[in-house]
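The sequence and structure are shown first.

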Amino acid sequence: AKRTRIKDLLNTTEFGQQVTVMGWVKTFRNNQFISINDGSSINNIQAVVDFNSTDESLLKRLTTGAAIAIEGEIIESLGKGQRVEVKVSRLEILGDSDAEKFPLQPKKHSLEFLREIAHLRFRTNTFNAVFKVRHALAYAVHKFFNDKGFVYMHTPIITASDAEGAGEMFRVSTFDPDNIPRNDDGTINYKEDFFGKATNLTVSGQLEGELAAMAFGDIYTFGPTFRAENSNTTRHLAEFWMIEPEMAFYDLNDNMDLAEELLKYLIRYAINNCSDELEFLKSRLLEEEKQKPQNERSELDLLAKLNFCLDNDFERITYTEAISILRNSKPNQKKQFKYLIDEWGADLQSEHERYLVEKHFKKPVILTNYPAEIKSFYMRLNEPDAEGRRTVGAMDILFPGIGEIVGGSQREERLEKLEGRMAELNIPTEEMSWFLDTRRFGSAPHSGFGLGFERLVLFVTGMTNIRDVIPFPRTPKNAEF
Ligand code: ATP
Ligand code: MG
Ligand code: MG
Ligand code: MG
């Protein structure tokens, strides 16, 4: 049906024209006004209905949540807050909504409650805003890389390779669970499986991305990745989207420059293209802040926080420098960190990362050159430092309120070094000869990183739980819809 979208209607100057609007009833006022939303805008259109001359049985069906179509004249609004409204001459109920049972009442619901009804939460202002921002950011990712001449490369979802050896993989199998073929020793016989091999859902497209970068120069992937993280945090999902560029002839500094440029581009894109949504999310957050005690409220509002990020260079420090800052810090007046890092070589806990970003530097931080022992085999070995310690050319970007948002590195392009690292970690080289071939035939320096898309959406929207920035969150025991 021909209809006018509310977003366009709210900007129109064509008073007196006839329009058809279709959407869902949000609220009523004074037995005269109906607010309708069709998803195109976070704002509603107000329909003016003469209830006295409207059929009684039709009025009864005019309930919160009902899908309706209205026809009428565009008029200038006399009320505050809006410019345009529609004087209704014809009203039709497209789909009834039982007012008693409809879970979204015209009041503020908690995010926890809305998570339970993820199939209906799209109809709230908050989730309209969040998923519009998510959409805009996804589009901007492609725009950024396309404008730079990167090739969008699709890497496989089902794979036999265990990129990280992290043991966080979902196994893919076509076995009948009641009839799993076994070897004589009782272990599962994967040779009988559909793929003739143990396969998993991908945890990262990086290794395949490297193969493509060794031919196209600059590529990126942007797709779902899967990690069987059996933990409930506000930063981890079992299914999340990752942006993974991989660039030939890039060293670690080039890699950091690109990651910082990308993050700033995406944040700026959202500011420029989602102003209604971000204004709404900003005021939503201000409401929340008011609930907190004065000294815990954040100094910057959402937009100020985003702009601050654009206006400042990210702080770049090495792991070794970070450790010495942490050692000399006193996060709680007198006490040092509970897990005091007295051993160089330990991985940072999230409280350490938060301290560096939120208390010490008060801006995004890029941490580089981690100890080899706590990073993946494919990261490039640095020359041992003055004290003979081994580090790799890794870089993690840490954001305020988020923690790690990007993990990346310069890759090890030297065959012998790479084989040496794989041997150390008992990674079978025969099974990965496809990967090692890139180092055998025209190996070139290259780098790349993974940006967690939901963590970016968290930062830009100011939401605090990762379940609230993906339409259908997958977390332990949560996969119904
Ligand atoms: P973390 O330390 O937070 O567990 P990671 O170091 O395991 O992350 P990487 O393997 O470096 O993650 O993946 C690259 C990026 O993907 C991370 O920087 C993060 O932004 C994102 N990411 C990783 N795991 C998850 C997850 N379970 N859910 C959502 N995003 C994730
Ligand atoms: Mg992890
Ligand atoms: Mg990490
Ligand atoms: Mg990481």
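This is a predicted model: local features need pLDDT of at least 70, side-chain atom pairs count only at pLDDT 80 or more; totals for chains, interfaces and linings use all residues.

## Domain division

The protein chain falls into two parts by domain assignment: domain 1 covers 6–106, and domain 2 covers 125–168 + 203–468. Between the C-alpha centres of domain 1 and domain 2 the separation is 45 Å.

The contact between them draws on 4 residues from domain 1 and 6 residues from domain 2. On the side of domain 1 that touches domain 2, the residues comprise 1 nonpolar and 3 polar, with no charged.

## Shell around ligand 1

There are 15 residues around ligand 1, and those that come nearest are His236, Phe240, Gly407, Gly450 and Gly452. By class, the shell around ligand 1 consists of 5 nonpolar, 4 polar and 6 charged residues.

Several secondary-structure elements supply at least two residues each to this shell: the strands β11 (239–248), β15 (403–410) and β16 (446–452), together with helix α13 (453–461). Which strand gives the most to the shell around ligand 1? That strand is β15, with 4 residues.

## Helices α4 and α7

Two packed helices are described by the angle between their axes and the distance between the axes. Helix α4 (residues 125–147) and helix α7 (residues 275–290) have axes that come within 9 Å and cross at roughly 130 degrees. Angles of 65 to 115 degrees count as roughly perpendicular and those over 145 as roughly antiparallel; α4 and α7 are therefore oblique to each other. The crossing of α4 and α7 is left-handed.

From α4, the residues Asn125, Thr126, Ala129, Lys132 and Val133 meet Glu277, Phe280, Leu281 and Arg284 in α7. This contact of α4 with α7 has 4 nonpolar, 2 polar and 3 charged residues.

## Helices α6 and α8

The axes of helix α6 (residues 252–273) and helix α8 (residues 302–311) come within 10 Å, crossing at roughly 140 degrees. This angle makes α6 oblique to α8. The crossing of α6 and α8 is left-handed.

On the α6 side, Lys264, Ile267, Arg268 and Ile271 take part, and they meet Leu306, Cys309 and Leu310 in α8. The contact of α6 with α8 has 5 nonpolar and 2 charged residues, and no polar ones.

## Helices α9 and α10

What is the angle at which helix α9 (residues 319–327) and helix α10 (residues 350–361) pack? The angle is about 80 degrees, and the axes of α9 and α10 are 11 Å apart. At that angle, α9 is roughly perpendicular to α10.

Ala322, Ile325 and Leu326 of α9 make the contact with His352, Tyr355, Leu356 and His360 of α10. In the contact of α9 with α10 there are 5 nonpolar and 2 polar residues, with no charged residue.

Methods:
Residues are numbered from 1 along each chain as its sequence is written. Chains are lettered from A and ligands numbered from 1 in the order in which they are written. Axes are lines fitted to C-alpha atoms, for helices over the stretch in contact, and angles run from 0 to 180 degrees between N-to-C directions. Angles under 35 degrees count as roughly parallel, over 145 as roughly antiparallel, 65 to 115 as roughly perpendicular and the rest as oblique. A crossing is left-handed if the near helix is turned anticlockwise from the far one by less than a right angle, and right-handed if clockwise. Two residues are in contact if their C-beta atoms, placed from the backbone, lie within 7 Å. Ala, Val, Leu, Ile, Met, Phe, Trp, Tyr, Cys and Pro count as nonpolar, Asp, Glu, Lys and Arg as charged, and the others, Gly among them, as polar. Domain bounds come from an automatic or database domain assignment. A residue is near a molecule or strand if its C-beta atom, placed from the backbone, lies within 6 Å of it.
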